[in-house]
Amino acid sequence: MVVDTSGAGLRATRARIGTLGLIVAATLAACGGGRDDSESPAAAEGTRRQAQAVTAAQADASTAAAATSADTDAVRLANQASFGPTDALLSEIKTKGAVTWVKDQMAASSARYTSGGSDAIHKNTSETDFCSLPAQANNPNCWRDFYSSEPLIWDFYRNALGKSDQLRQRVALALQQIVVVSEVEISGTYGLRNYHNALLDNAFGNYRQVLKKTILSPVMGDYLNHVNNDKVAPNENFARELLQLFSLGTCKLNRNGRLTGGSCQPTYDNDKVREYAFALTGWTYPAGGATAWGCWPEGANCQYYGGDMAPAPALRNTDARTLLSGVSVPANATPQQAVELVLDSLMNHQNIGPFVGRRLIQQLVMSNPPTLYIDRVATAFNNGRYTASNGQVFGTGSKGDLAATVAAVLLDDEARSERLLRRYGGSLRPPVLLFTGVLRAMGGYTDGDPFSWWWGEELRQHLFRPPSVFNFYPPDYPVAGTQLVGPEFGIHNANAALERLNYLTYLFDWDGSDPNTSIPNATGTKVNLSKWAALADNPATLVDSLSMLALGKKLAAAPRTQVINAVAWWTPQTDSANWRTNRARAAAYLVFASPDYQVQR
C-alpha cells in the first residue's frame, strides 16, 4: 500500500476521521429500544391523532413528504429483506409496493451453493490421506476445496450481490444463525453445501421441515454428536441445543414473548433433555461412505454427508419416552416414528411461535421488538397464515409456515413505519450486510474471497465458521449502559468500529482486491465510482444522491454540511487529474461511515 503523506491526503483523512466519534457514539446506543406496550389508550390515540394532523395549507409539503417517505420505505425494506439497496431494486419495490414485492420474492427461483469438491473425501478406501493421493498431487488447495467452507463463501457473496432471490437468501442467512453448524468443528465442503442448500430450499417452507432436516442432517449429527449415538448412554448435546437454541428456549413464554407468569419457569429440565436424547437414537450416516478399515460401530454406516441420516435399528433405544407438550414415544417405536413425535412435541409447544418469531424479527428488522409485534408474528406462525393490508394472503394454513411468518415480520407496521422504527427499533448493521450493502450500492462485484480469512475474521463474522452453536453473537447480548439487547454488539467494540472504517478505505482508497487466480471464476472485489464521479461537479448533488440510495433520505442538516464541505475540498487545484473521482470516494466513505448507515432503522 502507498501511503499519501501530502497535505491533501492528510487533510482529507482528518475530515474522514471526524466521523469516527459519531459512529462509535451512535452505534453504542442506537440499537433501538423495546417499548412498554402498556401505554394508555388515550395516549395511543393522541399519538395517532398527532401523526394524522395535516392541514389543507400543508398539501404541497405533504406531497413532497410522501415521495420522500416512499424512498425511505423502499430503502428500509431493501435493508431488511435483501443484501442492500440498488437503484434497480428500489425502483422495483416502489413500483410494486412492499406486499407484491415480498410475494414475488417468495416465488423467485433459488440461488444455490455449487462450488467446491465432491463427496470423494468420504469414499477413499486407500490408507493414504485423501489430499495426499496421486489424484490431488497437483492441487495445492485440496483442503480448501474439499474440506473447508471457503467455496461456500465464494457462492454466498456472489449470490448476495447478483442473484435476484434476495429475500430467500436473507431468510436462509437468518436460519443458519438459528440452526447453527460450523466448519470450526466439521470438515467436508460437500456436506456443508448440502446443509445450506436445504436452508435455501426451506426458507419459505415450514419450520417443522427445517427442524426435521436439522435433526436428520449428518453434518449436524457430527457437529452435535448424535449420529451413531450410544443407545445406553446417549450424548445429550444435540437434544439440549434442539430445545434451547433451535426451537423453544429455556423459559416458558406467552405468545407475545414475555415470560409466562412474569419470571422464568423452565421449559424443560435435564431429565427431559435425556428423554429427547434417547428418543433420537437409532440414526447413522446415509449409505455411500467407505474407508479402508470398514465402518464402526457395528450396525452403522461409514461417515458420509450425501443425504439425510439413515435409520439404524441396532443403535436404537426402544424404551418408551415422555416428551414435552403431552407427547410420548411408545416402546418399540421406529427411529422414523420417534422423530415425528419429537417434532410434534416441539411444534405443539406454546414457545415455538414467539421463539422463532422473535429470532426472525431480530435477524431481519430490529433487535428489541415490542411485545405486540412478537404477538402478531407468533400468531401468523401458529396459524400458518398472514393476510396483508391489501388482502394478499401468505401461507398454507399449517402451523410453522415460514412464508406467513416472514411476511408478518416484514409487512407489520413496526417494520414499515419510520416513526415506530425510529422510536422503538433498529439494529446495528452486522458485518456481512456492511460487506454486501456497500458493494451493491456502489455497483461493485466480488468473488467472495476477501470475506473469509481477511474481513470475515477482522470483523468476526466469517460466515460458515461461527465460534460455537451459539452463533457469532447471542440474541440477548446486552448493550452496555442500557436496558436493551443488541445481538450484533456481541462482536462489536472500539477496534471493530475502526475496522468498519478500514473496510471502506479498502474499497474506496485501496481499490479493493485483484483476482486470486487460484479461485474458480475469480473476479476480485471492487466498486465502480464512475456514476458518482459524473455527479461530482456539484458536491451537494453527489452527497444527496448517495444518501438517498444508501439511506433513503438526505443526511441531517449539520452532518450534511460537513460532508459536503469535506467532499468539496477536492478541486482541480488539489488534484487536477482525479478530483472528481476523489470527491466520489470521499462522499461514499462518509455516507457509508455515517451512523445513519451503520445503524439500520
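Which side chain does the side chain of Ser 513 join in a polar contact? Keep that in mind, everyone, while I say that what we have here is a predicted model.

The partner is Tyr 506, and the polar contact between the two side chains is 2.5 Å. Ser 513 sits in the loop that runs between α22 (494-508) and α23 (530-533). Is Ser 513 buried or exposed? Its relative accessible area is 15%, and the cut-off for buried is under 20%, so Ser 513 counts as buried. Leaving aside residues up to four places away in sequence, Ser 513 touches Pro 450, Trp 454, Tyr 506, Gly 524, Thr 525 and Lys 526.

Now let's turn to a pair of helices. The axes of α24 (residues 539-551) and α26 (residues 579-593) come within 10 Å, crossing at roughly 40 degrees. That angle makes α24 oblique to α26, and the crossing is right-handed. Which residues meet there? From α24 we have Pro 539, Leu 542, Val 543, Leu 546, Ser 547 and Ala 550, and from α26 they meet Arg 583, Ala 584, Ala 587, Ala 588, Val 591 and Phe 592. Sorted by class, this contact has 10 nonpolar residues, one polar and one charged. If you are looking at the numbering, remember that an α-helix has 3.6 residues a turn, so residues three or four places apart point the same way.

One last stop: helix α12, residues 237-244. Its buried residues are Phe 238, Ala 239, Glu 241, Leu 242 and Leu 243. What do they pack against? Four helices are listed here: α10 (207-216), α11 (218-223), α13 (270-279) and α14 (335-347).

Key:
Residues numbered from 1 in each chain as written. Predicted model: local features only at pLDDT ≥ 70, side-chain atom pairs only at ≥ 80, totals over all residues. Heavy atoms only, no water. Buried < 20%, exposed > 50% of the residue type's maximum accessible area, 1.4 Å probe, protein only. Helix = DSSP H or I, 4+ residues; strand = E, 2+ residues; numbered from the N terminus. Contact = heavy atoms within 4.5 Å. Axes fitted to C-alpha atoms, helices over the stretch in contact; angles between N-to-C directions. Parallel < 35°, antiparallel > 145°, perpendicular 65-115°, else oblique. Left-handed = near helix turned anticlockwise from the far one by under 90°. Nonpolar A, V, L, I, M, F, W, Y, C, P; charged D, E, K, R; others polar. Polar contact = N/O pair within 3.5 Å; in protein donor to acceptor, adjacent residues only side chain to side chain.
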